[in-house]
Structures are given as C-alpha cells and as structure tokens.
Amino acid sequence: MQAFARVSRAALAAVLLLGSGGPVPAGEVPARVVSLNLCTDQLAMLLAAPGQLVAVSHLARDPLSSPMAVEAMAYPITRGQAEEVFLLRPDLVLAGTYTTRATVELLRRLGVRVEEFAPPAALTDVGVQMRAVGAALGRAEEGARMAEAFEARLATLRAEPGPRAALYDAGGYTGGEHTLAGEILAAAGFRNVASEVGLEAGGFLPLEPLLLAQPDAVVTGEVYPGASRAEEILSHPALASLTRAGAVSDADWVCGTPHVLDAIARLGAAREALAE
Amino acid sequence: MSRKLGIALGALVLLLFAGSLLIGPAALGLGESLAALVRGGAERDAVALVMQEVRLPRALLGLMTGASLGLAGAAMQGFLRNPLAEPGLIGTSASAALGAVIALQTGIASLHLLALPGAALLGALVSVGLILAIAGPRGGALALILAGIALSALAGALTALVLNLSPNPFAAAEIVFWMLGSLTDRSMVHVGVAAPFVLAGGAVLISLGRGLDALTLGEDAAAALGVNLARLRLLVILGAAALVGGVTAVAGAIGFVGLVVPHVLRPFVGARPSALLPASALGGAAMVLAADIAVRLIAPDRDLKLGVLTAMIGAPFFLHLIWRLRRQLA
C-alpha cells in the first residue's frame, strides 16, 4: 500500500506539472488509448483509427499468447503498472475485468477513464464485445461491421455434433461446454467429454476419468518454453494411448477476436481428418 | 531387526501398497482393478491403462520415496549420532530439489533420462557434504540444525528464483510442489528415472549397518574394531545423496519422514543402527504410502501436497525432540 501511495503522490505531482489533458468524459472520441489486456489489445489494434492506440500490453507481443504478435511490434508496450500507463497520458484505458484491481482503481482515482471488458465465455459474447470496444473507441461503425462479418462466417463454419473430444491442458484442466474453448470445440463439430463427467463449466479432470471416458480425440494446449510439472501431464505415457486431434488450442483460442474463426476452421478440418 | 517386527512392517507396507493401488478418482471394483493390473497386449483397455500407467507408478513411487527417506534419515542419524539429522530438516531435500529445478529449467534434464536425478543427486551431495563438514560427528546438535536451516533457506530461495525467472507461465506456481512434494500423475517414466539411484543408494546404506553399530561405541572404539571412518563417512554421504536425490527429482521435497520413522522404531530394535536401517526403510515406505492415501481421501480433487501431511505429523515430533534436547542445545 505504501508503494501505491508513493506512486499516486508522484502521479498527482505529474498531473500538476503537466497541467494538460484532464479526463475526457465518456462518449467523446478518445485520442490516446492504452490497452492493458491481451484481448482488448487485439480488438483495439483491429478497430482503432491510425494513431489512436498509444500502447498495448507486453503479452500482445508474445506469439504463444497473441495471434497478432507481429502487428503488436508496431506499438509501444507496457507491463500494466499504473505509473507507466499514467505517464502515457491516456484519455481511455482498456482493461480486462481480471486486470489487477489495484492498478485500475489507482488509474480511476487519477482521473483516467477506464473501460473494463470481461473475457468472453461464449461465441455470442464475441460480437457483443467487438461492438462495445468499437463504441468505446468512437469507432462504433467499424465495430459493428467486424461483428457482422464474424457472425456471418461463424454461421457457415458451424458443424453438427459428431465425435467425442476432450480439451486437455496443463495440470489436467479441461474446458467445459460453457467456456469459449468449449464453444469453439462444439462449433467445430465435437461433443465435449467434459459434460459427460459433470464439468460443464470446465475444471480439473484427473487422468483416470479421462482415460476411462475414452474420447475419440484429445485437443491439448501448446507447451511453453522452459519446463513445468503442470505440462508434464500432456506427455504422460497413458495419454499417448488416446488420439490427439490434429490441432492444438493455441493463441487463437484465448480471446474473442476474429481469430476464433481460424481456430474453428482448423479444428473442423482436424475432425474431418479423424473421420477418414 | 527382529523377525516379528520385520513381518509386521512388511505386512503393513504390503497392505498400504494395495490400498494405494485401489484408491483413485475412477471408482473401480476390487477384483476388476487387480485383474486389470496384469492385463496386457490387445486386451489392454482403459481400466488396464489406469491401473498400469497411473496407479501403479504412484504406488511404486510412494514405496520408493518413503523407503529412501526413512533409510537416509536412519543412516544420517546413525553416523552423526544425532536424532535431529533428517534430509528434510538439514537441507538435503531442498538442495536436491534445487538441483532438479535447475536441470529442468536449463534443459539439461532433456539431454538424458538420468540427468534429472543426477542433478538432484549433485544438489544433495553438496548439502550433505557441507553439513558433515560443518557439524561432523563431533559437532553438536546446534551446529547441525543451524547449518541445516541456513542451507534449507538458501536452497529454497534459489529454487523460487529459478522458477520465477522461467519463461514458462506455470513454473512459478510449482514452487509449492518442489517444497512440499506430491505423487500426483507421475508415470512409469518417473519410476524408471528414480529407481537406479534408489537401488544403488539403498544397497550402499544397508551395507553400512555394522560400521554404524561400531560407531555407537564412539569413534576410537569403532576405529579399534577395524572401521574405516573416512570410508564410512564417504559412503553415508554418497548413499544418502543418491536416495534423496533420486526421489526428490520426481516427487519433490518431502520432509520429516526420516525424522519420525527412525525415532518411532528405535525402541523396537534396541537402538542398533544395523537393525534400524531396514526397519526405517519399511517404516518410511508405510508412512509415505499412508500419507499419499490420506491426500487422496481428504481432498481428492485438490492435489494436496504430501509434505503438508508429513509435516503435520513430523513438526510436533520435532518440537518434542528439541524439548528433550534443549539442555544439550543450550
């Protein structure tokens, strides 16, 4: 707390020194936007007017998390600390609802307008979020156009439920049907094994019940560099007896962006390959 | 070890080993699961896979981990003639964990199957060597414990540092595993990795029983009886490091087993190290198998760490021992 108090005092002093700007009331078109969240980073890069987006989060440049890592190289990055964000003099900050509460509170106390966006839990949330981010940026028309294109292509990609698959990630986490990953799986034409064992909202599925469920395919996540015990489960000999789907859940699966459609298309192709 | 005690401990271990095989998230019948254990070839169905690839390695690792820690504890206590010497308390386990973490994070572990336990052994070796140099057979309990605390803290801090600096987002969350140990979702690969070190270290320490017996009479008496103290010391260091390194590399640092088990069994074997060594191996195996069963019964879906349970039993024991030793410590 002491550290935060120091930061806020320093920041207040900075306000007095700079003397410029001041918070822009909601509804006006923001001129300097900083995004603190991997998902709002991508939507902002796609929707913002040239020069409007001032900085994105450092995660946006990580190719394992961000499908737009190359595009993000064109923007300065922040590590999401109130001090560095404030010094960029943003009139709008885009944050996730899970962004550090202390940072968001502090920025608000300093008079910065912060808009928060929840990570989408369903495919229907994706279009909603595209429109909302567009509106916040003063680019409502672009947001609506992106949402319509998304919904149209999603409708053409959707497949009837076919083989049974399980999402399986580090530590034995499985995405249930009521998660974005679960909806991607369903849209690509798979039945979710997690629902058979009562994990509709996702959760940790030990190896034993997964093996006994005998899914037609397992969709695993990407493995990060370095080593972790949590990811060792993905190379467990017992898991090798199950069929891996020809696609992994990667950066395209994380956020409600148009990249979700690429994930569905790839997984759909993997399902067709399994049927052969 | 008297025959009766051996049979009783052996039966207990067998019972707990079977219990470990029969308890898991997938509810399988008794006959069904035991039959699945030996099913091979084309008949290898999902149940056989669960029994052979998930439960069997877990039970085997429980057996190996417990036996190793019990045996290493008994040997170190015998050599130092100090009931507080224990791999977890004097930093051997923490140093082995540090060695394992460094091997994993630098990628050395993927070069060769035995590189991981080898690195853990190296970590354990450094710490046992240091402790013996500082506290030695003539050093008091105080020097032993203080040096152990310092080494434990340093190794723990370095482990946390290495994991925090890892590019892997899951690594930092695993500090808990390396400090408290767990047998969840280990595979036959892990059994194979630890086994050579456990077998070699075990064989070395068990063979030292007579030398340690002689040492109970004092160093001069032992030397007069033909015991080569320098060789004995070297073998205790090597054997304990191999055991602790081997099991810590795959199961994390599990404390207090080597403290509690020899202490409980000592009255039954008449305080003779040669009898205490095998008894402590069996007792340690029973303690860890029981703790691992408890972990699965108390919080089946939470991956409760083994060290939590062993510390809950072990820490009060440790306080009790300190209480009795406080005059010597003061």
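## Chain A at a glance

In chain A, residues 24 or more positions apart account for 61% of the contacts with a separation of 6 or more. Two residues are in contact if their C-beta atoms, placed from the backbone, lie within 7 Å. This is a predicted model, in which local features need pLDDT of at least 70 and side-chain atom pairs count only at pLDDT 80 or more, while totals for chains, interfaces and linings use all residues. Residues are numbered from 1 along each chain as its sequence is written, and chains are lettered from A and ligands numbered from 1 in the order in which they are written.

Chain A holds 12 helices and 10 strands. Both are DSSP runs numbered from the N terminus: helices are H or I with at least four residues, strands are E with at least two. The C-alpha trace of chain A spans about 65 × 40 × 30 Å along its principal axes. Of its 276 residues, 47% count as buried. A residue is buried if 20 or more other C-beta atoms lie within 10 Å of its own, exposed if 12 or fewer, and partly exposed in between; these C-beta atoms are placed from the backbone.

## Strand E4 of chain A

Strand E4(A) covers residues 92-96, and five of its five residues are buried. Leu92(A), Leu94(A) and Gly96(A) point one way. Val93(A) and Ala95(A) point the other way.

Which strands pair with E4(A)? Two strands pair if DSSP finds at least two bridges between them. Strand E1(A), residues 33-35, runs parallel to E4(A) and is joined to it by three bridges. Here Val34(A) stands opposite Val93(A). Strand E5(A), residues 114-117, also runs parallel to E4(A), with four bridges. Here Gly96(A) stands opposite Phe117(A). From E4(A) the chain crosses through helix H5(A), residues 101-109, to E5(A), and this β-α-β crossover is right-handed. That is, with the strands pointing away from the viewer, the path from the first strand over the helix to the second runs clockwise.

## Where the chains touch

At the interface, 22 residues of chain A are in contact with 25 residues of chain B. Helix H10(A), residues 207-213, and helix H11(A), residues 229-232, each give two or more residues to the side of chain A that touches chain B. The largest share, five residues, comes from H10(A).

This side of chain A divides into 14 nonpolar, five polar and three charged residues. Ala, Val, Leu, Ile, Met, Phe, Trp, Tyr, Cys and Pro count as nonpolar, Asp, Glu, Lys and Arg as charged, and the others, Gly among them, as polar.

## Chain B: helices throughout

Chain B has 14 helices and zero strands. Its C-alpha trace spans about 65 × 50 × 35 Å along the principal axes. Buried residues make up 53% of its 330 residues. Residues 24 or more positions apart account for 80% of the contacts with a separation of 6 or more in chain B.

Helix H13(B) runs over residues 273-298. The expected span is 1.5 Å times one less than the number of residues. Of the 26 residues in H13(B), 21 are buried.

Most residues other than glycine have a negative phi. Arg81(B) has a positive phi, near 50 degrees. Arg81(B) is found in the loop between helix H3(B), 46-80, and helix H4(B), 92-106. Arg81(B) counts as partly exposed because it has 16 C-beta neighbours inside 10 Å.

Phe256(B) also has a positive phi, near 75 degrees. Phe256(B) lies in the loop between helix H11(B), 229-251, and helix H12(B), 257-265. Phe256(B) counts as buried because it has 26 C-beta neighbours inside 10 Å.
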